[in-house]
Amino acid sequence: MKGVILNKGEKGYSYFKQIFDKITVLSTDYNWLISYPECYPNDKEWEKKLQKKYLWISGKEIKDIFRLGDFQWVWGVLSGFSQNILSEDVLKYPLPYADGYPGFWKNPVTLQHPLAEIEIVAWDSCCTLCIAKEKQIIDEFLKVYNQAEDLEKYNKK
């Protein structure tokens, strides 16, 4: 398990379009649970969908959200699941949340959802957290955002 925090070097945080554009496996290898989103997409249909407590969508659908434009996420957790995991199994567990979840800030870093492979978190629009089982995903994230910092090192400060 590995995690990073992005909270410096950008004009704004929790803009996810670039992540999904550059790390292509996110839209091809995973289905997504978006939980407790607070964001403002440039499309009325997606805005309505993202006003719900959670949304289960395919990788293709999440890519479609970002084709509409890059918009800021204030709060929310985007949890990625292997495509062979069913939404019914995912929803047997509590929904991951950003606001008030203490597990981001202590070591060892863990994913909130036990079936998730990756979680991308918008935390009060002041930072983005990315936690993944596969080191390769974190390495790809660091190629996109080289100013991101290892979350466990950050937590030791």
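Which residue takes a positive phi in the hairpin of β5 and β6?

First, the basis of the analysis. The model is predicted, so local features require pLDDT of at least 70 and side-chain atom pairs pLDDT 80 or more, whereas totals for chains, interfaces and linings use all residues. Residues are numbered from 1 along each chain as its sequence is written, and side-chain values use heavy atoms, with hydrogens and water left out.

Let me begin with the rings. A pair of aromatic rings is described by the distance of the centres and the angle of the planes. Here, rings of Phe, Tyr and Trp (its six-membered ring) pair if their centres lie within 6.5 Å; planes under 30 degrees apart are stacked, over 60 edge-to-face, and the rest tilted. Phe20 belongs to helix α1 (residues 17-22) and Trp32 to strand β2 (residues 30-39), so the pair ties together parts twelve residues apart in sequence. Helices (H or I, at least four residues) and strands (E, at least two) are DSSP runs, numbered from the N terminus.

Buried means under 20% relative accessible area, exposed over 50%, and partly exposed in between, with a 1.4 Å probe and protein chains only. Phe20 is buried at 0%, and Trp32 is likewise buried, at 0%. Phe141 and Tyr145 have ring centres 5.1 Å apart and planes at 45°, so that pair is tilted. Phe141 is buried at 0%, and Tyr145 is buried at 3%. One aromatic cluster is formed by Phe16, Phe20, Tyr30, Trp32, Phe66, Phe71 and Trp73.

I turn now to the core. A nonpolar core is a set of buried Ala, Val, Leu, Ile, Met, Phe, Trp, Tyr and Cys residues joined through side-chain atoms within 4.5 Å. The largest has 33 residues, of which Phe20, Leu26, Trp32, Trp73 and Ile120 touch the most other members. A second, separate core of 20 residues includes Trp75, Phe81, Ile85 and Val90.

Finally, the strands. Five of the six residues of β5 (residues 118-123) are buried, so this strand is largely enclosed by the rest of the structure. Two strands pair if DSSP finds at least two bridges between them. Strand β4 (residues 73-82) runs antiparallel to β5, joined by five bridges, and Ser79 stands opposite Glu119 in β5. Six bridges pair β5 with β6 (residues 127-132), also in the antiparallel sense; here Glu119 stands opposite Ile131. As for the opening question, Asp124 takes the positive phi, near 55°, in this hairpin, which has three residues between the strands.
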